[in-house]
Amino acid sequence: TPNMEPIQFTSLSHNVRTISPNSIISPPPQLSLQSPKSFKSTLQHSAYSSQHFYQNRILDQYVFQPANQITLRQLIFFGRNLTEERIIKSGNYVRTELTIRIAHRIRDFQNLPFVVGTNPHIAKVYDLYWIAFETLRKFPPIKTMEDNDEFCKTLKSLLKKHLVVIPQLAMGIIECGEYMSEEQVNRFMNVMLRTRISRRVLAEQQITLTENWNDPNYCYGSDGYIGVVSTQCNAKEIIDKCAKMTSNLCRTTYNVEPPNVIIDGVDTTFSYIPDHIEYIIYELLKNSIRESPNSSQKFVTSETSQTSITPESSESSKISKTSEIRKPKKPFPPIIVTICPGPIDIYFRISDQGGGIPDKIYPHIWSFLHKNSDKKIDHIFTNFSKVPQMAATVQEYEQFIIPPNLNLGIGLPMSKVYAEYLGGDLTIFSMDGYGTDSYLKITKLGNIKENLV
Ligand code: COI
């Protein structure tokens, strides 16, 4: 039954997400007359006011509408031959679809245990989603290209305001970890983050198509991009780019000459959202590169009784103090990345001899809940308030908010969330004391619907 309670946060066992047979699919009544600004203050100052009764009734009308999932192929075909009419059509799809998808997530927040939902970090994200929901719900239907430009401006501003979502959620979950099981936390975070990727793809696609649709070099032009999708993602180029970035990171962060990255297998070109694969490969290579000095340090120590390389002790505070790049006495074993293009999927295997993942940690590598990492996270959040003004892009923001040498602890689960978004997968096998093999599967036909669970 629909949840008509005037209460924001209900218990997890209260399943309000059951779809009623009489799902309301008509447009919502224009009930609320508040501007987004006054709406925000309502949320901040009277979270339990009777206003929520009406707000939740409006929300219900969207919660009971299913998401209309798309495929990569649809993104490509739709963006191929664009006209004003098609841009306007996709603008209206994004407008209604984002409203529905955000409504689903607001309901997830409401289903969190009360003590979790009222945590300031979680509540901040909850408020952001309410504001986004109201902004999009009230955005009038797009009829002209000028309306669409206005809509894209709104999307850009929402994308920027929502840059704080991941670190805020990570912080909230750490603070509330004891009130939820690891399984509950992971279920909540997986859905929250995977659907966030989906919403950002829809928003970014509309913005990018709008900005470039009549540039002949853009759509199917020399660069092969259609919005945020590249029709010419090259496996080797992606690995090369990530290897360069992670190797530099190793030098600047640990002052250590990194292990070589050797690319093996059969190169291939395919259609995908390159940012997603880059995020994953970067994260996996970063882990391998970070571990390699550790393993060699052990070899050096055991053979020569001296510790010349101490990457873990040169964490954040000491990063820039020494500039000399230290070479290991014995070269680190290389990291081998194998590309294997199959008829349906492309596999990437990253093999390192970096010592493997300790048996104690291995069962939790996909978990968003790291009870021991509060200290590092605190450091990140001290810079929190300065960030949105400073960062122009997601990458810039993330580099600032999550300094690469700090281990927020969500890189691996986040990579899996990215991999699974369009039907791929990420698996990791580790031999404690020797090394790690990561297998990334990317579906290349583009016919799998977005995974939103
Ligand atoms: C997010 O970034 O958290 C979103 O939900 C994006 C959306 C507001 C466009």
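Which cavity is the space taken by the ligand? That space is the largest cavity. Before going on, note that this is a predicted model.

Now the residues around the ligand. Its surroundings consist of Tyr129, Leu158, His162, Val165, Arg196, Arg199, Arg200 and Ala203. Sorted by class, four residues of this shell are nonpolar, one is polar and three are charged. The element that gives the most to the shell is helix H9, residues 182-212, with four residues.

How far is a polar side-chain atom of Arg199 from an oxygen atom of the ligand? The distance is 2.7 Å. For His162, a polar side-chain atom is 2.9 Å from a ligand oxygen, and for Arg196 the corresponding value is 3.1 Å. As for cover, the ligand taken alone exposes 280 Å², and the protein buries 100% of that area.

What is the order of the strands? The order is E1-E2-E4, in an open sheet of three strands with antiparallel pairing. Strand E1, residues 225-226, and strand E4, residues 269-272, are the edges, each pairing on one side only. E1 pairs with strand E2, residues 229-234, in the antiparallel sense over two bridges. If you want a position to look at there, Tyr225 stands opposite Ser230 in E2.

Methods: Residues are numbered from 1 along each chain as its sequence is written. This is a predicted model: local features need pLDDT of at least 70, side-chain atom pairs count only at pLDDT 80 or more; totals for chains, interfaces and linings use all residues. Side-chain values use heavy atoms; hydrogens and water are left out. A residue is near a molecule or strand if one of its heavy atoms lies within 4 Å of it. A polar contact is a pair of N or O atoms within 3.5 Å; within protein, one must be able to donate a hydrogen and the other to accept it, and residues adjacent in sequence count only if both atoms are side-chain atoms. Accessible areas come from the Shrake-Rupley method with a 1.4 Å probe; for residues, only the protein chains shown count as cover. On a 1 Å grid over the protein atoms alone, a cavity is a set of points where a 1.4 Å probe fits but cannot get out, and a pocket is an open set with protein on both sides within 12 Å along at least five of seven lines; lining residues have an atom within 4 Å of a point. A molecule sits in a cavity or pocket if more than half of its atoms lie within 2 Å of its grid points. Ala, Val, Leu, Ile, Met, Phe, Trp, Tyr, Cys and Pro count as nonpolar, Asp, Glu, Lys and Arg as charged, and the others, Gly among them, as polar. Two strands pair if DSSP finds at least two bridges between them.
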